[in-house]
Amino acid sequence: MADVDAPLVIDQASSATAFVNLVKAAEEGRKIPEGWAIDETGNVTTDAAAGLRGALLAFGGTKGANVALMVECLAAGLSGASWSLDMPDFQNGDQVIDAGLTIIAIQPTAIDDRFSTRLTQHLDRIAERGGTYAPNRRPVRSSSSDEGRINIDAVVLEKIRRFL
């Protein structure tokens with residue numbers, strides 16, 4: 001059983017594959033699976049180089065695209081960053097990338113004091129079945145260093161503190 005007090009942390013992209021996989025396939029001249037990318041004209045492609053000039057597709061078809069839209073509303077919409085269609089070319093462009101990030105922290109034990117135990121049991125059952133990644137099944141880093149940390153604007157941090 002995992003630590004019931006460990007936070008549930010999910011860092012989720014919504015593309016069918018990671019961008020680095022597309023770059024690697026293009027460098028090696030390999031084809032990519034259909035459904036990973038579209039070319040610059042919007043057509044589905046298996047040519048990795050054409051995919052680099054186009055865009056990655058969301059996982060899970062139409063339903064996955066709807067999940068991606070929800071994530072974009074959180075990441076770009078709430079932060080004021082660029083929408084995906086307005087994002088400059090980060091490979092060859094000369095504009096600063098205006099990517100957004102939204103962090104949502106929920107204290108579910110304020111509503112259900114058994115939540116942590118129930119969630120841990122549920123994640124243990126998911127992990128036992130295999131075939132999927134169960135969050136929090138790796139040790140939580142206990143070291144304190146600046147590596148991997150993010151900077152939060154002081155105004156935003158103060159608003160979060162007032163809310164809490």
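This is a predicted model: local features need pLDDT of at least 70, side-chain atom pairs count only at pLDDT 80 or more; totals for chains, interfaces and linings use all residues.
What share of the contacts in the protein chain with a separation of 6 or more comes from residues 24 or more positions apart? The figure is 38%.

Let me begin with the overall architecture. The protein chain contains five helices and three strands. Read from the N terminus, its elements follow the order α-β-β-α-β-α-α-α. The chain has 164 residues, of which 15% count as buried. It exposes about 12,800 Å², and carbon and sulfur atoms supply 54% of that area.

I turn next to the sheet. Its three strands form an open arrangement in the order β2-β1-β3, and the pairing is antiparallel. The edges are taken by β2 (44-45) and β3 (55-56); each has a single partner strand, so one side of each is left without a neighbour in the sheet. Two bridges link β1, residues 37-38, with β3 in the antiparallel sense. Within the sheet, Ile38 stands opposite Ala55 of β3. As a general point, strands of a sheet pair through backbone hydrogen bonds.

Is Ser82 buried or exposed? Its relative accessibility is 17%, and because the cut-off for buried is under 20%, Ser82 counts as buried. Setting aside neighbours within four places in sequence, Ser82 is in contact with Ala76, Met87 and Asp98. With Asp98 there is also a polar contact between the side chains, at 3.0 Å.

Notes:
Residues are numbered from 1 along each chain as its sequence is written. Side-chain values use heavy atoms; hydrogens and water are left out. Buried means under 20% relative accessible area, exposed over 50%, partly exposed in between (1.4 Å probe, protein chains only). A polar contact is a pair of N or O atoms within 3.5 Å; within protein, one must be able to donate a hydrogen and the other to accept it, and residues adjacent in sequence count only if both atoms are side-chain atoms. Contact means heavy atoms within 4.5 Å. Two strands pair if DSSP finds at least two bridges between them. Helices (H or I, at least four residues) and strands (E, at least two) are DSSP runs, numbered from the N terminus. Accessible areas come from the Shrake-Rupley method with a 1.4 Å probe; for residues, only the protein chains shown count as cover.
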